[in-house]
Amino acid sequence: MLIGVESEITIRVADELLMFLPATRRDTANRVPYDGTSTLGHIVESLGVPLPEAGPMSIGGEPAGPSTRPDDGDEVRVAAVPRPQPVPLEPGQDAPRFLLDVHLGTLARRMRLLGLDTAYHNDMDDPALVAQANAERRVLLTQDRGLLRRRALWFGAYVRGSRPDDQLRDLLNRFAPVLRPWTRCTACNGELAPVDKQEVEHDLEAGTRRSYDAYGRCADCGQVYWRGAHGDHLEEIVREATELVEAVRGNGRTEAAVSKR
């Protein structure tokens, strides 16, 4: 290297990752200065892309990892995370467990409606979230890029979309988890069990007792559930979610099918 000439490398990121880059650098190809010692993971994150959102990387067409140190003039390509993305499961698990940060409460309730094991707290700080995610092997879902950059976090994912409908579609498209609708309490995440109407009728309004006969109760918090007037809307959420997961699992990932919904 000539004295006084700064080293540079070229980073090419997938279109799906451009949202993480500053507006002034929102281009698929960026020439960035290189100090000769930084790892590829550090460089990618310095551009704005959290490592949990970066998929396979390559240098000059050859696979490279986050710990790789590129050479002056290298061209690096960073793909998006492949979808559906596998998650390491423990024995007996057939779907990932999730933990959502404070801003995703509505998404948490919809995930529980679909039977996904979804922990959520509205008062937990970042270190506590990381600790719980690691201890319980939960995928931490967030829209906080800084949280995803915490090195201690075992598995995290950025949730795309500002509306709960879009957030749920993004989550299902990314992980295509096994769904078990109507099996979890949307309030506390406990498991639901069928319960005799006679056991809960003292907790019901007169109109509810007259109109419904099938009930479930949360084994943890005791909340009683039935298919009420809002049932059609919830049924539609379950139907669309089931169809989306089946499409992703059956066809791989089809962006067109997702975007048309």
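A residue is called buried when its relative accessible area is under 20%, exposed when it is over 50%, and partly exposed in between. Glu8 has a relative accessible area of 27%, so it is partly exposed. Keep in mind that this is a predicted model.

Glu8 has a charged partner. Its side chain meets that of Arg31 in a salt bridge, with N to O at 2.8 Å. Arg31 is in strand 2 and Glu8 is in strand 1, so the pair ties together parts that lie 23 residues apart in sequence. Arg31 is exposed, at 52% relative accessible area.

In total, the count comes to 21 salt bridges. I will mention a few more.

Lys197 and Asp213 form one, at 3.0 Å from N to O. This pair also links distant parts of the chain: Lys197 belongs to helix 6, while Asp213 sits in the loop between helix 7 and strand 11, 16 residues apart. Asp213 has 61% relative accessibility and therefore counts as exposed.

Next, Arg184 and Glu191. Their closest N and O atoms are 3.9 Å apart, and the cut-off for a salt bridge is 4 Å. Arg184 counts as buried, at 13% relative accessibility, whereas Glu191, at 51%, counts as exposed.

There is also a network of salt bridges, which links Arg110, Arg163, Asp165, Asp166 and Arg169.

Leaving out residues up to four places away in sequence, Asp101 touches Tyr120, Leu129, Leu141, Thr142, Gln143 and Asp144.

Last, strand 3, residues 54-59. Is this strand largely enclosed or largely open? Of its 6 residues, 5 are buried, so strand 3 is largely enclosed by the rest of the structure. Strand 3 pairs with strand 5 in the antiparallel sense, over 4 bridges, and in that pairing Met57 stands opposite Val78. Strand 3 also runs antiparallel to strand 4, joined by 3 bridges. Here Ser58 has Pro63 as its bridge partner. Strands 3 and 4 make a hairpin with 2 residues between them, and Gly60 in the turn has a positive phi of about 60°.

That is the end of my part.

Notes: Residues are numbered from 1 along each chain as its sequence is written. This is a predicted model: local features need pLDDT of at least 70, side-chain atom pairs count only at pLDDT 80 or more; totals for chains, interfaces and linings use all residues. Side-chain values use heavy atoms; hydrogens and water are left out. Contact means heavy atoms within 4.5 Å. Buried means under 20% relative accessible area, exposed over 50%, partly exposed in between (1.4 Å probe, protein chains only). Two strands pair if DSSP finds at least two bridges between them.
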